[in-house]
Amino acid sequence: MSERESDPADTAPGDEAAQGEEFAGGVSSYAVGLGIAALLTVAAFAVLNLPLVWRPAIPMALIVLAIAQMGVHLVFFLHVSSGPDNTNNALALAFGTLVVLLLIGGSVWILGHLDHAMMPMGRQMHGFP
């Protein structure tokens with residue numbers, strides 16, 4: 001097996017024809033991805049506007065649909081898979097996700113504890129006329 005050949009089981013949808021004449025796996029792969037992404041978008045609007053889901057569970061349903069949407073975009077449009085040829089892409093995605101989680105989590109933690117580091121303004125404000 002040459003360096004450019006890959007195992008068919010380790011390819012993302014659309015990568016099968018990437019080494020052929022078609023651009024990046026062909027139009028059919030993108031059409032399937034677009035169809036699934038559009039279906040997930042319609043499902044998100046339906047969950048929000050129709051009484052299909054229990055009202056307090058709507059945010060969780062939207063989060064699940066958003067994560068599924070990200071998975072569709074990663075697999076069908078960015079061709080990220082777990083194959084040996086895509087190890088660097090998967091590691092870059094994992095590192096980017098870690099950095100974003102650290103930034104968001106750190107910001108929330110700092111803002112949450114900022115109240116403890118501030119001077120008690122309430123008592124001082126009442127002491128002055």
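A search of the whole structure, which is a predicted model, finds one aromatic pair. Rings of Phe, Tyr and Trp (its six-membered ring) count as a pair if their centres lie within 6.5 Å; planes under 30 degrees apart are called stacked, over 60 edge-to-face, and the rest tilted. The pair is formed by Tyr-30 and Phe-77 and is stacked, at 5.9 Å centre to centre with 10° between the planes. Tyr-30 lies in helix α1 and Phe-77 in helix α2, so the pair ties together parts that are 47 residues apart in sequence. Helices (H or I, at least four residues) and strands (E, at least two) are DSSP runs, numbered from the N terminus.

Buried means under 20% relative accessible area, exposed over 50%, and partly exposed in between (1.4 Å probe, protein chains only).

| Residue | Relative accessible area | Class |
|---|---|---|
| Tyr-30 | 24% | partly exposed |
| Phe-77 | 25% | partly exposed |
| Gln-69 | 18% | buried |
| His-79 | 11% | buried |

**Basis of the model**

Residues are numbered from 1 along each chain as its sequence is written, and side-chain values use heavy atoms, with hydrogens and water left out. Local features need a pLDDT of at least 70 and side-chain atom pairs count only at pLDDT 80 or more, while totals for chains, interfaces and linings use all residues. The predictor's confidence in each residue, pLDDT, runs from 0 to 100. The protein averages 81, and 72% of the residues score at least 70. Confidence is highest in α1, at a mean of 93, and lowest in helix α4 (residues 121-127), at 63.

**Overall architecture**

The secondary structure comprises four helices and zero strands, in the order α-α-α-α from the N terminus. Of the 129 residues, 18% count as buried. The protein exposes about 10000 Å², and carbon and sulfur atoms supply 72% of that area (Shrake-Rupley method, 1.4 Å probe; for residues, only the protein chains shown count as cover). A contact means heavy atoms within 4.5 Å. Among contacts with a separation of 6 or more, 55% join residues 24 or more positions apart.

Helix α1 (residues 27-49) has 23 residues and reaches 33 Å from its first C-alpha to its last, close to the expected 33 Å; the expected span is 1.5 Å times one less than the number of residues. Its buried residues are Ser-29, Gly-33, Ala-37, Leu-40, Ala-46 and Val-47. Their cover includes α2 (58-77).

The largest nonpolar core has eight residues: Ala-37, Leu-40, Val-47, Ile-58, Ala-61, Leu-65, Val-72 and Phe-76. Such a core is a set of buried Ala, Val, Leu, Ile, Met, Phe, Trp, Tyr and Cys residues joined through side-chain atoms within 4.5 Å. Helices α1 and α2 each supply at least two residues of this core, and the largest share, five residues, comes from α2.

Leaving out residues up to four places away in sequence, Ala-37 touches Gln-69, Val-72 and His-73. Gln-69 belongs to helix α2. With the same exclusion, Gln-69 touches Ala-37, Leu-40 and Thr-41. The C-alpha atoms of Gln-69 and Thr-41 are separated by 7.9 Å, although the two are 28 residues apart along the chain.

His-79 is found in the loop between α2 and α3 (87-117). His-79 has a positive phi of about 55° although it is not a glycine.
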